[in-house]
Amino acid sequence: MVFSYFPGCTLKTKAKDLDLYTRKSAEALGITLEELPDWQCCGAVYPQAKDEIATKLSSIRSLASARDLGYSLVTVCSACHHVIKRVNHDMQTDEDIVLRANNYLQLDTPYHGETKVLHYLEVLRDELGFDELAKRVKNPLTGRKIGAYYGCLLLRPSGEMQFDNPEKPTILEDFIRAIGAEPVIYANRNECCGGYITLENKPLAVKKASAVTASARANGADCLITACPLCLYNLKENAEGDMPVYYFTELLAEALGVK
Amino acid sequence: MQRIGVFVCWCGTNIAATVDVKAVAEALGKEPGVVFATDYQYMCSQAGQDMIRDAIKEHNLGGVVICSCSPRMHETTFRKTAEKAGLNPYMVEIANIREQCSWIHKDMPTATEKAVILGRAAIAKVHLNAPLTAGESPVTKRALVIGGGIAGIQTALDIADAGFPVDIVEKKPTIGGKMTQIDKTFPTLDCAACILTPKMVEAAQNENIRIFSYSEVDSVKGFVGNFHATIRRKARYVKEDVCTGCGLCTEKCPQKKVPNEFNLGLDNRRAIYIPFAQAVPKVATIDPNYCTMLKSGKCGVCAKVCTAGAIDYKQKDEFIEEDYGAIVVATGFNPIKLDRYDEYAYSQSPDVVTSLEFERLMNAAGPTAGTLLRPSDGEHPHTLVFVQCVGSRETRDCGKPYCSKICCMYTAKHAMLCREKYPDTEVYVFYIDVRTPGKNFDEFYRRAVEEYGVHYIKGMVGKVVPENGKLKVQASDLLSNEQIHIDADMVILAAAIEPDESARSIATMLTASMDTNDFFTEAHPKLRPVESPTAGIFLSGVCQGPKDIPETVAQAGAAASKVIGLLAKDHLMCNPCVAEANELMCNGCSSCEKVCPYGAITYSDKEFPGPNRTRVLRRVASVNPAVCQGCGACTVACPSGAMDLKGFSTSQIMAEVDAICK
Amino acid sequence: MQVNNEFKPTIVAFCCNWCSYAGADLSGTNRLNYPANVKIIRVPCSCRVNPMFILRAFQRGADGVIICGCHPGDCHYTTGNYYARRRMTLLFSMLDYLGIEKGRTRVEWVSAAEGAKFAATMNEFVETVTKLGENKRLEDLRCKN
Amino acid sequence: MQKNQELELTATIKRISGVNPRLCMKCGKCSATCPAFDEMDYHPHQFVDLVDKGQIEKLMNSKGIWNCLSCFACLERCPRMVEPAKLIEAVRLAVIRQQGQNHLKPEQIPDLLDENLPQQAITSAFRKYAK
């Protein structure tokens with residue numbers, strides 16, 4: 001199994017763990033992740049306005065370069081995945097954006113959304129299979145009660161993300177089961193952690209992150225897992241109380257015995 | 001060449017004022033084949049009709065053209081006139097020189113010229129007319145009702161009362177449908193079981209009604225008056241005629257952990273069960289998915305305790321073949337699945353329930369014996385939040401674009417009953433609009449607000465978070481423009497209703513049409529609301545669109561009266577203007593079959609003379625004249641020109657085109 | 001090019017029995033004028049109109065052909081007008097290719113209640129065809145008497 | 001603001017957001033689900049309503065546009081697929097695309113930083129608050 005890999009900026013700095021354990025676990029599972037040459041920042045947020053082209057170009061460059069290499073493009077950061085997946089969707093469906101973006105980029109072959117964009121979780125679920133993953137686990141995390149924190153960006157808008165049922169997702173819970181732990185289902189797992197608002201309105205970020213951890217705690221979670229560095233930051237730094245939060249890849253590496 | 005007579009009507013001055021009727025008669029008299037042409041003041045009058053009749057006899061006419069008003073007005077009149085004179089009624093053609101000529105033109109030469117051309121076209125057509133005889137088909141005097149809910153029961157009772165035998169086919173072990181699960185009915189608050197169960201018994205005891213419970217319609221063939229159905233009686237592993245319904249087996253069965261669908265999974269039943277005390281037929285049924293005996297061959301407790309000896313583990317599905325003259329669809333509805341609405345925490349908390357589940361929790365025969373208790377801990381709830389329009393009026397894929405129609409009223413009912421029985425409760429209803437068109441409906445809703453103190457809040461619930469034994473409800477109050485937070489004990493979701501999942505396959509089987517929401521389409525939305533466009537298929541209840549119990553019963557009665565009208569006839573007259581396949585030209589391609597909206601075309605292998613005195617077997621189309629409605633779609637779809645429509649044949653229309661363009 | 005004011009085009013109108021023919025009757029009942037060169041042929045449904053009829057009309061010297069049926073969704077036979085619409089879309093683009101301008105062919109939905117629409121449609125259609133002038137394409141001169 | 005300016009602005013908002021506010025059936029689920037509701041003076045359902053009425057200036061002066069978290073809950077849960085989040089973003093763009101109207105300036109950043117803040121947050125904020 002060979003994929004192109006888009007780590008994203010944060011994974012090279014503040015979220016090195018997310019990147020490191022992704023690579024380690026992939027290696028242990030026989031998944032080859034080839035880092036895309038010359039990738040650029042995805043832009044961190046998807047530009048929703050129909051006349052925003054320039055802010056989508058860096059994602060399109062990465063998508064086109066994955067297409068040229070002939071592999072599906074794997075991301076692991078929720079924000080990168082959200083932006084790249086939605087830009088790709090635009091390149092499949094919005095003729096105006098396709099035309100203007102291609103005119104601007106002047107690629108050798110114009111890009112029309114050919115690349116398949118996968119989140120690392122989707123690779124584990126759909127390409128490897130959670131049953132197979134469970135077989136490869138060396139140190140099952142038996143007895144740990146883990147709350148899955150999805151956040152917003154992986155799930156919504158569900159029509160474009162096509163990731164999981166946006167109100168009743170199961171992929172992270174299935175993942176938690178595969179690594180031998182017990183998933184804790186709580187209602188705020190798909191509610192906002194505060195996101196970038198931590199810079200604009202700290203009290204709001206505190207309120208949102210606290211609501212998530214409170215809901216998880218009330219349902220008996222010992223810790224949370226997430227795929228997003230900003231979620232991790234908000235839940236760790238902004239939420240009241242002291243709920244441990246990990247990248248899902250860290251626990252994966254632990255279960256596979258490669259941490 | 002036909003001997004044709006032309007009759008030009010003045011219609012008083014209606015035609016004669018702008019059309020020179022004498023000139024028209026004279027001009028048309030010169031057309032080839034015309035042996036007689038005349039004009040008269042009122043052709044439709046007795047004198048005018050006598051004139052036509054006499055002319056037919058006197059001139060031995062083979063075809064008649066009447067230049068007069070629209071055929072929609074008097075075609076039938078003149079056909080009858082011709083028939084009385086011994087001419088086939090379909091040898092009459094009308095040239096519409098009033099509505100489509102004299103009334104729209106002011107200039108006499110222009111109008112006269114056009115009248116002549118219209119007359120010529122009619123003459124050209126009548127030359128190619130062939131005598132047609134309307135066929136007759138016998139009517140089997142028995143009706144089939146698919147679905148045994150209140151709609152099906154009412155329809156069956158009404159048909160049976162008129163003296164015709166009726167079969168009800170119900171897929172569940174008992175008839176009664178959704179209404180059996182309902183506690184009270186709006187706006188009168190009478191008990192649903194008290195008004196429904198007597199009807200169920202009445203149906204069971206009626207000599208004209210046969211009930212096939214735990215059965216499904218496997219196939220339907222035929223056409224109006226002559227349907228042939230195969231009914232599959234699923235094996236219930238209990239002899240229906242032997243079981244006394246004592247219920248001992250359902251108490252002794254060791255398999256206790258089967259979700260009880262009658263209580264929507266809120267409690268458990270045994271593997272052998274009678275859905276509820278008033279079930280009709282009151283016969284036990286073994287659930288093969290849970291019965292240890294059927295699964296592993298070890299157990300047999302029910303057979304041991306059954307003193308009547310009704311248990312039969314070897315029972316197989318049985319098939320019954322029967323003929324019917326009419327079929328009534330009464331397949332009903334289900335609440336939608338709430339998988340995509342988990343923002344309301346339906347799958348996360350047992351205290352979030354659908355309205356139908358809430359009915360069971362309020363029902364004296366329900367899992368809590370009528371005491372409202374929180375499913376999670378059996379405690380008395382104090383704060384209840386009702387959410388309306390869950391999935392209704394929604395354009396997302398997971399929802400339904402229509403209004404489910406019954407939710408506003410049953411929610412008002414639930415809220416009112418809660419406040420009445422438990423005055424210590426706070427009851428909130430979140431609504432987008434409160435829709436209460438119906439007799440005494442709005443008064444009912446207002447009573448909930450004014451007398452019972454139910455809090456109606458215009459807005460929607462956005463999120464329900466189960467936390468520390470409470471349901472934290474986050475919602476909008478649009479009138480005060482606030483986001484409000486309620487710590488509730490129970491949340492009740494008014495889930496949209498959708499047609500039963502069996503509806504689509506039944507529609508396909510019956511060639512009845514459906515809309516995009518899988519509701520059956522009526523023959524005319526205003527004027528034929530209980531008939532399907534397919535002749536002989538009638539609609540009763542929610543299968544046609546959301547409706548409440550009174551409306552369902554009214555429609556059920558209307559459908560029954562249509563069925564009775566049909567079954568009262570010994571024979572059905574068919575429209576003779578139907579399609580016909582020329583078997584020598586047909587290449588068996590199925591193009592016509594695919595476009596036929598009525599399923600009137602079938603294929604069969606027939607022997608034809610081949611070269612050198614051989615016989616060859618070819619697949620050819622044939623049209624069932626009793627089913628064909630004569631639209632002509634097949635005639636155009638046919639690539640070899642084998643399909644033609646009587647009365648509007650290709651050559652006839654071509655002749656009209658030629659006459660007009662000349 | 002000189003426009004011949006005297007030119008009166010020959011127009012064949014196919015009307016379905018249930019909606020458009022009744023609509024045409026209604027425009028008569030309401031005395032709504034439309035040109036006399038429109039001649040109506042009654043068919044049970046717009047889906048009965050075979051493309052051959054239209055070719056035949058042009059061959060025999062018609063200058064325009066219009067097909068009227070029930071509104072989409074209102075067909076007496078449920079789906080007939082959809083078939084008509086699809087068939088005519090194909091036929092008309094082929095006719096256009098053969099030089100019979102799009103203005104000479106038309107499909108229109110006229111209900112039994114739309115007498116005024118029927119008259120207005122016919123007026124407009126006759127005007128369009130009159131502007132296009134006599135149709136020469138496809139006309140079979142051997143058919144001329 | 002002039003009437004025709006107002007009309008033009010409304011048309012721009014509808015065009016760049018791709019949202020048709022007429023689809024709204026005024027159920028208020030967007031505002032019910034909004035996690036930043038208390039921080040907004042105009043709430044998501046009012047964004048839809050005011051864009052429909054062409055009163056964009058009110059929205060441009062509202063603090064709600066800076067507090068939208070872009071969590072897409074309103075957009076996901078709207079029963080009529082109206083997508084209020086896209087309207088809010090379009091109004092915000094209408095503000096920051098004016099000269100000198102950036103809501104976030106680079107010189108503010110050092111004070112906002114802490115050791116663990118991922119730069120993803122800064123990039124996001126710049127994309128949302130500045131041109």
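This is a predicted model: local features need pLDDT of at least 70, side-chain atom pairs count only at pLDDT 80 or more; totals for chains, interfaces and linings use all residues.
User: What separation is found between the C-alpha atoms of Asp107(B) and Ala17(B)?

Analyst: The two C-alpha atoms are separated by 9.8 Å, although Asp107(B) and Ala17(B) are 90 residues apart along the chain.

User: How should I read the backbone angle phi, and what is the case at Leu264(B)?

Analyst: Most residues other than glycine have a negative phi. Leu264(B) has a phi near 55°, a positive value in a residue other than glycine. The loop between β13 (258–259) and β14 (268–269) of chain B holds Leu264(B). Leu264(B) counts as buried because 20 C-beta neighbours lie inside 10 Å.

User: What is phi at Arg31(C), and is Arg31(C) buried or exposed?

Analyst: Arg31(C) also has a positive phi, near 55°. Its place is the loop between α1 and β2 (38–43) of chain C. Arg31(C) has 11 C-beta neighbours inside 10 Å, so it counts as exposed.

User: Turning to peptide bonds, which form does the bond from Phe186(B) to Pro187(B) take, cis or trans?

Analyst: Most peptide bonds are trans. The bond from Phe186(B) to Pro187(B) is cis, with omega near -5°. Pro187(B) belongs to the loop between β8 (184–185) and β9 (190–191) of chain B. A cis peptide bond also joins Val280(B) and Pro281(B), where omega is about 0°. Pro281(B) is in the loop between β15 (272–273) and β16 (285–286) of chain B.

User: How does one describe the packing of two helices, and at what angle do α1 and α4 of chain C cross?

Analyst: One considers the distance between the helix axes and the angle between them. The axes of α1 (residues 20–29) and α4 (residues 115–132) of chain C come within 7 Å and cross at roughly 90°. An angle of 65 to 115 degrees counts as roughly perpendicular, and α1(C) and α4(C) are therefore roughly perpendicular to each other. The contact involves Ser20(C), Gly23(C), Ala24(C), Leu26(C), Ser27(C) and Thr29(C) of α1(C), together with Gly115(C), Ala116(C), Lys117(C), Phe118(C) and Ala119(C) of α4(C). By class, the residues of this contact comprise 5 nonpolar, 5 polar and 1 charged.

User: How can a whole chain be described, and how many helices and strands does chain D have?

Analyst: One may begin with the elements and then consider the dimensions. Chain D has 9 helices and 0 strands. The radius of gyration of chain D is 15 Å, close to the 14 Å that the globule rule gives for 131 residues, so chain D is as compact as a globular protein of that length. The C-alpha trace of chain D spans about 45 × 35 × 20 Å along its principal axes. Of the 131 residues of chain D, 53% count as buried. Among contacts in chain D between residues at least 6 apart in sequence, 69% join residues at least 24 apart.

User: Into which domains is chain B divided?

Analyst: The division gives domain 1 (4–127), domain 2 (144–229 + 317–332 + 500–567), domain 3 (248–305), domain 4 (335–497) and domain 5 (579–646). The C-alpha centres of domain 1 and domain 4 of chain B are 69 Å apart.

User: How are interfaces between chains read, and how many residues of chain D are in contact with chain A?

Analyst: One counts the residues on each side and then asks which elements supply them. In this model, 33 residues of chain D are in contact with 36 residues of chain A. The largest share of the chain D side, 8 residues, comes from α9(D). The residues of that side divide into 17 nonpolar, 9 polar and 7 charged.

User: How many residues meet between chain B and chain C?

Analyst: Here 35 residues of chain B are in contact with 35 residues of chain C. On the chain B side, α18(B) gives the largest share, 8 residues. That side has 18 nonpolar, 10 polar and 7 charged residues.

User: Which distance separates the nearest C-alpha atoms of chain A and chain C?

Analyst: Chain A and chain C do not touch, and their nearest C-alpha atoms are 26 Å apart. Chain C and chain D do not touch either, with nearest C-alpha atoms 23 Å apart.

Conventions: Residues are numbered from 1 along each chain as its sequence is written. Chains are lettered from A and ligands numbered from 1 in the order in which they are written. Two residues are in contact if their C-beta atoms, placed from the backbone, lie within 7 Å. Helices (H or I, at least four residues) and strands (E, at least two) are DSSP runs, numbered from the N terminus. Ala, Val, Leu, Ile, Met, Phe, Trp, Tyr, Cys and Pro count as nonpolar, Asp, Glu, Lys and Arg as charged, and the others, Gly among them, as polar. The radius of gyration is taken over C-alpha atoms; the globule rule is 2.2 Å times the number of residues to the power 0.38. A residue is buried if 20 or more other C-beta atoms lie within 10 Å of its own, exposed if 12 or fewer, and partly exposed in between; C-beta atoms are placed from the backbone. Domain bounds come from an automatic or database domain assignment. Axes are lines fitted to C-alpha atoms, for helices over the stretch in contact, and angles run from 0 to 180 degrees between N-to-C directions. Angles under 35 degrees count as roughly parallel, over 145 as roughly antiparallel, 65 to 115 as roughly perpendicular and the rest as oblique.
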